[in-house]
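Me: I am new to this structure and would like to know what the labels rest on. Please set each value against its definition.

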Amino acid sequence: MKNILVLLSLSLLVATVFSLNLAQFNVKEFKGQYPLISLSRLLQTDEFVSVEGVVYRISAPKKFLTRAEVDPKLLNESNLVGILAINIDELSTFTGKGKQALVAANGIVYDVTPSRHWAGGDHKNRHKAGEELTHELVRNSPHGVGKIANVKPFGVLVFTVEQLAKFNGKNRAKSYIAFQGVVYDLSHLRPVPNYPFGTEATSELLKIPNYADTLSRSYAIGLLVFDEKSLGVFDGKQSSKEFIKVANIVYEVTNVPDWREKLHLEADAVAGKDYTSQFECELEETCGHDHPDSDVLKEFKIVGFELVK
């Protein structure tokens with residue numbers, strides 16, 4: 001628990017605070033302000049509960065609650081753990097058949113189980129629960145995403161690097177790409193641009209003229225997340241890219257030749273690692289040795305976020 005609180009403290013140093021009402025959550029504005037808590041971590045930790053997609057450390061008779069079921073005084077920062085993250089594979093299991101019916105739109109996972117319009121996880125034979133439906137709801141539904149927003153949020157949608165790779169635009173797969181920690185769906189664009197779909201492509205897109213306009217016409221559908229193993233792949237050897245993690249944020253340092261010096265590391269320090277410890281003394285206000293200024297992190301590009309398992 002202490003580690004999670006330390007991560008929270010550091011992320012607040014490098015990002016602005018946002019509302020924890022997921023009904024107003026915008027994945028494009030997320031900069032690691034709060035930890036992303038995996039569904040497995042929530043279920044395995046007795047004192048964790050999810051209140052409309054926000055994880056708190058409070059005592060409750062069940063794991064998933066609405067705000068109306070909780071004393072508002074308990075929903076405070078001291079009890080806050082983070083935001084519940086549902087990955088795309090987990091989402092696919094919540095079909096409304098033997099489990100809750102969940103759907104994702106604009107990066108938010110909604111629980112449509114109570115809705116009579118989603119009985120059995122089926123919506124008028126047009127949409128199925130367990131799917132990411134931003135494009136379908138925005139363009140093909142008379143109600144759009146606004147109707148979904150009338151139900152309760154369940155969490156935020158996330159993708160691992162391995163899951164993202166499945167959406168490479170080939171063999172009828174959708175065309176997803178990750179840019180600065182956000183996953184975008186470009187499948188509906190015509191013609192579909194020649195992008196490296198299925199990958200984290202922040203550095204590649206920054207070199208392409210008009211990439212911002214292209215992304216503005218696409219849908220932000222989730223966040224890219226890493227665990228220790230997937231981060232380790234980006235060490236400059238197994239992958240040509242170099243990523244590091246500080247607190248709950250993953251940064252790219254591929255084209256920052258002096259990143260080790262900036263973080264006060266040894267010259268042989270490798271990428272693909274967690275370097276939160278370089279800043280922890282400063283966070284705990286008990287610093288007794290030289291450490292980097294947290295402002296140095298602003299020089300690195302955010303490419304994803306830690307998933308707390």
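This is a predicted model: local features need pLDDT of at least 70, side-chain atom pairs count only at pLDDT 80 or more; totals for chains, interfaces and linings use all residues.

Me: Why is the contact of Lys241 and Glu204 called a salt bridge?

Reply: A salt bridge is a side-chain nitrogen of Lys or Arg within 4 Å of a carboxyl oxygen of Asp or Glu. For Lys241 and Glu204 the N to O distance is 2.9 Å, so the pair meets that definition. The structure holds 14 salt bridges.

Me: Which residues are linked with Lys241 in a network of salt bridges?

Reply: The network links Lys241 with Glu200 and Glu204.

Me: What makes Lys241 count as buried or exposed?

Reply: Buried means under 20% relative accessible area, exposed over 50%, and partly exposed in between (1.4 Å probe, protein chains only). Lys241 has 9% relative accessibility and therefore counts as buried. Glu204 has 31%, so this residue counts as partly exposed.

Me: How do you know that Lys309 and Asp227 form a salt bridge?

Reply: Their side chains meet at 2.8 Å, N to O, and the definition asks for a distance within 4 Å. Lys309 lies in the segment after β16 (301-308) and Asp227 in the loop between β13 (219-226) and α9, so the pair ties together parts 82 residues apart in sequence. Helices (H or I, at least four residues) and strands (E, at least two) are DSSP runs, numbered from the N terminus. Lys309, at 54% relative accessibility, counts as exposed, whereas Asp227, at 25%, is partly exposed.

Me: What parts does the salt bridge between Lys245 and Glu306 tie together?

Reply: The closest N and O atoms of Lys245 and Glu306 are 3.6 Å apart. Lys245 lies in strand β14 and Glu306 in strand β16, so parts 61 residues apart in sequence are tied together. Both Lys245 and Glu306 are buried.

Me: Why are β11 and β12 called paired strands?

Reply: Two strands pair if DSSP finds at least two bridges between them. Tyr176 stands opposite Asp185 in β12. The two strands form a hairpin with 2 residues between them, and Gln180 in the turn has a positive phi of about 50 degrees.

Key
Residues are numbered from 1 along each chain as its sequence is written. Side-chain values use heavy atoms; hydrogens and water are left out.
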